[in-house]
Each structure stands twice: as structure tokens, then as C-alpha cells.
Amino acid sequence: MRRLAKEQETGKRIYPRLLAHARPYVHRILGALACMVLSSACAVIAPWLLRNIVDDVLISKDMAMLNLVAVGLVLLYLAKSVFFYGQQYLMNWVGQRVVVDLRLRLYDHMQRMSFRYLYGRRVGERLSRITNDVTILQNMITTVFIDIVVQGLSFAGMIAFLLYINWKLSLLSFLVLPLAAFVLDVASRRLRVVGHDVQKQLAGLSAIAAEALSAIRIVRLFATEEQEYGRFESQSNAHFRALMRGVQTNAALTGIVEVILITALAAILWFGGRLVVSGELTPGELIAFLGYLALLVQPVRVFSRVVAQMQQGLAAADRVFEILDVESEVKPPKHPEKVDPIRGEIAFQDVSFAYNEGAWVLEDVTFRVIPGEKVAIVGPTGAGKSTIADLITRFYDPQQGAILIDGKDIRRLDLKGLRRKIGVVPQDPVLLKGSIAFNIAYGCEDLSEGDIESAAKIAGIHDFVMSLPDGFNTEVGERGVTLSGGQRQRVAIARAIVRNPRILIMDEATSSLDAAVEQEIQEAMKKAMSGRTSIVIAHRLATVREADRILVIDRGRIVEEGSHEILKDAGGLYSRLCCLQFGENHGSPAE
Ligand code: ADP
């Protein structure tokens with residue numbers, strides 16, 4: 001009961017939304033509807049011709065009518081096939097178009113969704129919604145819609161013809177046929193139950209055999225062969241009994257169902273025959289009547305299938321709309337302020353942030369980075385360092401406090417403009433399928449070759465790229481060259497600085513690079529940072545020493561702040577981290 005209510009409620013919400021998506025294509029829908037009406041009319045008229053065959057041709061021997069009926073039949077089906085083509089083409093056009101529109105909206109929406117949502121679900125599930133659910137929906141829009149309209153119209157038309165031929169015979173049929181259908185339904189349900197029982201007993205049988213055979217050593221040791229045999233035997237007998245019950249039910253039901261169906265038919269024939277004899281009905285009309293009754297089965301069968309398809313479709317639509325209804329938490333401002341030009345000052349004011357409610361990842365974080373300053377953030381894994389970086393690029397908004405760039409709350413700034421002004425080198429850089437030049441210039445259309453090359457030079461990858469046969473046009477990824485971790489890191493550095501951002505955020509690669517490569521990347525990073533406000537999530541002491549200031553983060557709070565020289569001997573967390581990383585001699589690490 002509750003499920004039904006929920007489905008109805010879901011349906012009420014979803015149909016109007018689906019219709020809204022189909023609205024732009026209303027002309028095609030109307031065209032399709034016209035075709036459906038006409039093709040159903042052709043289908044409904046056909047059995048009526050039986051009356052002419054019997055009454056005019058067979059009984060009255062009217063040869064002209066025979067020719068007419070033969071030609072009429074062909075023409076009728078010709079027309080039907082034309083209208084069928086129209087209905088299928090137009091309705092599928094609308095269905096597929098709505099699906100393309102929905103899929104594009106979903107894709108666009110997902111690209112903008114907050115990371116909290118995207119990271120919270122498995123990628124596979126999200127892709128499945130884009131592909132499967134939308135396809136199920138398409139099926140509902142086309143097949144189900146066509147079925148409902150065409151079969152509904154045919155059903156109504158046939159009932160009308162039946163009533164028109166003879167209402168008394170129709171009433172009798174409407175009484176006995178549903179009764180027979182009901183018995184048929186009960187019988188098939190009963191058969192299914194018996195079938196399940198047989199399956200269950202059989203499964204029990206194999207379970208017992210498997211269990212006893214896998215424990216055969218114990219069975220022999222304890223000499224319980226007979227006991228196990230007894231268990232198997234009684235289960236075999238239970239299976240046999242279930243099987244025979246199935247055979248009995250099947251045999252009895254088949255006979256009963258047949259008798260009931262024939263009784264219903266006999267009743268209709270008996271009454272119809274009397275009507276023919278009394279002159280109330282012509283023989284042709286009785287035959288046409290039976291023809292309509294036989295065809296009536298089709299819409300009924302289709303309807304029961306359509307109900308299941310519709311439920312599937314509604315569920316799919318519900319899931320699709322559920323995603324579309326999730327609003328991104330990071331909302332672009334309605335009246336964005338420009339970020340151009342930018343000096344590059346960053347300030348956190350009492351920022352508290354949690355991914356999941358109640359579990360603070362950052363608490364009351366306050367700091368200021370002046371333009372051109374190089375700040376290193378250090379702290380244990382999970383302290384919240386990357387989260388600080390993600391907040392600056394507005395991947396998330398803090399629940400409390402504010403982040404300012406050049407004194408302006410970043411929630412008021414143009415989101416895309418802000419992100420363009422910040423270069424980010426992630427810890428594990430992702431390269432997209434395409435050339436090296438494409439990867440460096442990703443997202444910037446107005447770059448010259450010179451820009452790309454000079455960024456590559458700063459990142460220290462220019463010479464390597466030039467040594468490749470296709471230079472900057474060399475493809476990377478599956479079908480192209482495979483770059484090493486260090487080379488990928490350099491491409492990422494080039495990508496971050498190619499648009500000359502005022503602010504640079506770097507998450508240093510941790511253990512994936514060997515010491516020599518690490519040293520070289522360090523050089524590249526140093527060059528990249530020069531003249532920019534830089535925040536480095538530092539894992540190496542070299543970076544930390546280069547920094548103007550170090551922020552030490554622990555469990556979401558800034559616990560220490562200052563230069564390496566001051567902090568190393570302060571006896572706090574930083575001193576301990578130095579000890580851990582570089583042994584006792586933390587003042588002069590071996591780099
Ligand atoms: P760090 O960079 O210092 O290692 P992070 O900023 O990555 O730390 O993570 C800080 C805390 O937030 C960790 O406890 C981590 O498990 C949690 N966290 C990070 N990202 C997410 C996320 N997308 N959803 C939920 N929790 C997260």
C-alpha cells in the first residue's frame with residue numbers, strides 16, 4: 001500500500017518534469033499522435049471486413065464485394081504501415097532527443113557539482129546514471145507511450161465495434177472472459193509457487209551433498225556415513241514429493257484452464273448462435289465479433305508489460321532528477337566582482353570547515369599571505385593541508401569564517417576568473433589524452449607556441465620534449481609516449497604557470513620520485529614560484545627552508561608559525577617533525 005502511494009507520488013512529480021522536457025518538440029508529438037490514431041483505426045477496421053466476406057461473399061455470392069474486400073485489405077495495411085512508420089519515426093525522434101538533452105544537462109550538472117557529492121559516490125554509479133537510466137527513460141518515452149496510445153485506442157475501438165455489433169453478446173463476453181482470465185492468472189501463480197518449491201528442495205539436496213563430501217574425512221573418522229546417507233535420502237524424497245506435486249498441479253490445472261476457457265467460448269458461441277438463428281445477428285457479424293474478441297487479447301497483454309516498464313522508467317527518471325536536484329554547494333555569485341588585476345594577497349579569517357557535518361577538519365584557521373610571499377604548510381598526514389588548498393580554489397566553501405583574496409571574500413568573486421588566476425600543481429598530476437602542448441595549454445585558447453615553450457623551460461622539461469620526434473606535438477597517454485612521474489610533474493608545473501598566475505599552489509609529490517629527480521623538480525618549483533604568491537604543501541625540508549614562512553598544521557589548527565630557523569629549535573611539533581624526517585641532526589639535513 002505504502003509502496004503504491006510512493007509510486008503515485010513519484011509519478012505525480014515526475015510526469016510534469018518529463019513533459020516539460022518534451023515540450024519543445026510538441027509538433028512532432030502531435031504528428032506522432034495523429035499517425036497513432038490512424039494506424040490504430042486501420043487495425044480496428046480490418047476484422048470488420050470478415051463480416052463482408054461471410055455475409056456478402058460466402059452467403060450472398062457477391063463477387064464485386066470479394067474484389068473490393070481483397071483490394072481494401074491490401075490498401076488498409078499499406079496505409080497502416082505508412083502511419084506506423086510515421087509514429088515510430090516521430091516518437092523515437094522525440095524520445096532520443098529528450099534523452100540527449102537530459103544526458104547533456106546531467107553531464108553539465110555533474111561537472112559543476114560540489115566535490116563533496118562527487119567524491120561521496122562511486123564513479124561507476126554516477127556513469128551508470130548518465131548512460132543506463134537515461135536509456136531506460138528513452139524506452140519509457142517511446143515504446144511505452146506508443147504502446148499506451150496505440151493499444152489503448154485499439155482496445156477502445158474494438159470494444160466499440162463489439163458493442164455496435166451486438167451489445168447483449170458483448171455484455172456476456174465482458175462477463176465471462178475476465179472470469180476466465182482471472183482463473184488463468186491464479187493457475188499460473190500457483191504453478192510458479194510449486195516451481196519455486198521444487199527449486200528449493202533441489203538446492204537443499206546439492207547443499208547436503210556438497211557439505212558431506214567436503215567434510216568426508218570427518219564423516220569417515222566418526223563413521224557417520226549412514227547418518228549422512230539418511231539425511232540425503234530424506235531430502236531426495238522431499239524433492240521427489242515436491243516434483244510430483246508440481247506434475248499433479250500442472251496436469252490438473254492445464255485441464256481445468258482449458259475447460260474454463262472453452263466453457264467461456266461455448267457460452268459466447270451458444271448465445272451468439274441463438275442470436276444468428278433468431279435473425280438478430282448475421283453470420284458474418286458473429287465471425288467479426290469473434291475476430292475482435294481474439295484480437296482483444298493483444299492490448300491486455302501489452303498493458304501488463306507496459307505497467308512494469310513504466311515503473312522501471314519512473315524509477316530511472318526519479319534517479320536522474322534526484323541528481324539534477326542536487327544543487328552545487330559552491331554557488332557562483334549572482335553579481336560577481338572582477339578579479340583582474342590581482343595582487344595575490346590571501347587571507348584566512350577564522351575559517352572552520354567540515355566535509356561531513358560535525359567532524360571539523362579545519363578549526364578557526366587564520367593567516368595572511370602577502371603578495372609575493374612563499375609560504376610552506378607542513379603537518380602530519382590528515383592534518384588538513386590539502387583542504388586549505390582546496391578552499392582557496394573554492395572547491396568547497398567553509399562553514400564558518402571567510403577567505404579573502406586581495407581583501408575580497410572569494411564567494412563574491414567571479415568563480416572561473418578566480419580559478420584562472422591560481423595555478424595549481426597537484427601531488428599526482430593527471431594528464432589528458434592529447435599532445436604535450438595541449439596538456440600544457442589546457443583550458444587556454446589564446447596562448448602562443450612561445451608561451452608554451454617558455455613555461456616548459458621554467459618547468460625544466462623543454463629539452464626533453466624537444467628530444468622527442470614530434471616535439472610538443474607528441475601524444476601522451478595510452479597511444480602515445482608514457483611519461484615518468486617526474487616528467488608528468490614538470491608538465492603539471494608548466495600547465496600551472498603557463499597563464500602566468502599571481503598565485504601558485506603546489507602539493508609536493510611525496511615518495512613517488514627518486515632523490516635525484518626530486519632535486520630537479522625542486523629547482524623547477526623554485527623557478528616557478530619566483531615573483532608569485534606561493535603556497536606549498538611541503539613534504540621536504542628543502543622547500544621548507546626556501547619558504548619565507550612556515551605554517552604548521554595539526555588536527556585542523558595552526559599550531560606554529562615562523563621561519564625554519566626559528567621553528568626548528570622551538571621544541572614544538574615542527575622540531576619533532578624535523579627529527580622524524582631527518583634524524584637527530586635536523587638542523588643540517590642531508591638533501
Ligand atoms: P592532509 O593534506 O594534511 O594530509 P587533508 O586536507 O587531505 O589532509 O585531509 C584532512 C582530513 O579531512 C582527513 O582526516 C581526511 O580524511 C579528511 N578528508 C579529506 N578529503 C575528504 C573528503 N573529500 N571527504 C571527507 N573527508 C575528507
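## Helix pairs: α3 and α10

A crossing is called left-handed if the near helix is turned anticlockwise from the far one by less than a right angle, and right-handed if it is turned clockwise. With that in hand, look at how α3 passes α10: the crossing is right-handed. Helices here are DSSP runs of H or I with at least four residues, numbered from the N terminus.

This is a predicted model, so local features need pLDDT of at least 70 and side-chain atom pairs count only at pLDDT 80 or more, while totals for chains, interfaces and linings use all residues. Residues are numbered from 1 along each chain as its sequence is written, and side-chain values use heavy atoms, with hydrogens and water left out.

Two packed helices are described by the angle between their axes and the distance between the axes. Axes are lines fitted to C-alpha atoms, for helices over the stretch in contact, and angles run from 0 to 180 degrees between N-to-C directions. Helix α3 (residues 48-59) packs against helix α10 (residues 283-325) at about 155°, and their axes sit 7 Å apart. That makes α3 roughly antiparallel to α10. (Angles under 35 degrees count as roughly parallel, over 145 as roughly antiparallel, 65 to 115 as roughly perpendicular and the rest as oblique.)

## Helix pairs around α9

Now for helix α9 (residues 225-277), which packs with helix α7 (residues 167-214) at an angle of about 170°, with 9 Å between the axes. The two are therefore roughly antiparallel to each other. Sorted by class, the contact of α7 with α9 has 29 nonpolar, 10 polar and seven charged residues. (Ala, Val, Leu, Ile, Met, Phe, Trp, Tyr, Cys and Pro count as nonpolar, Asp, Glu, Lys and Arg as charged, and the others, Gly among them, as polar.)

α9 also packs with α10, at about 155° and with axes 9 Å apart. So α9 and α10 are roughly antiparallel too, and their crossing is right-handed.

## Around the ligand

There are 12 residues around the ligand, and Gly-382, Gly-384, Lys-385, Ser-386 and Thr-387 come nearest; a residue counts as near if one of its heavy atoms lies within 4 Å. Helix α11 (residues 385-392) gives the most to this shell, with three residues. By class, the shell has six nonpolar, five polar and one charged residues.

Taken alone, the ligand exposes 560 Å², and the protein buries 61% of that (Shrake-Rupley method, 1.4 Å probe).
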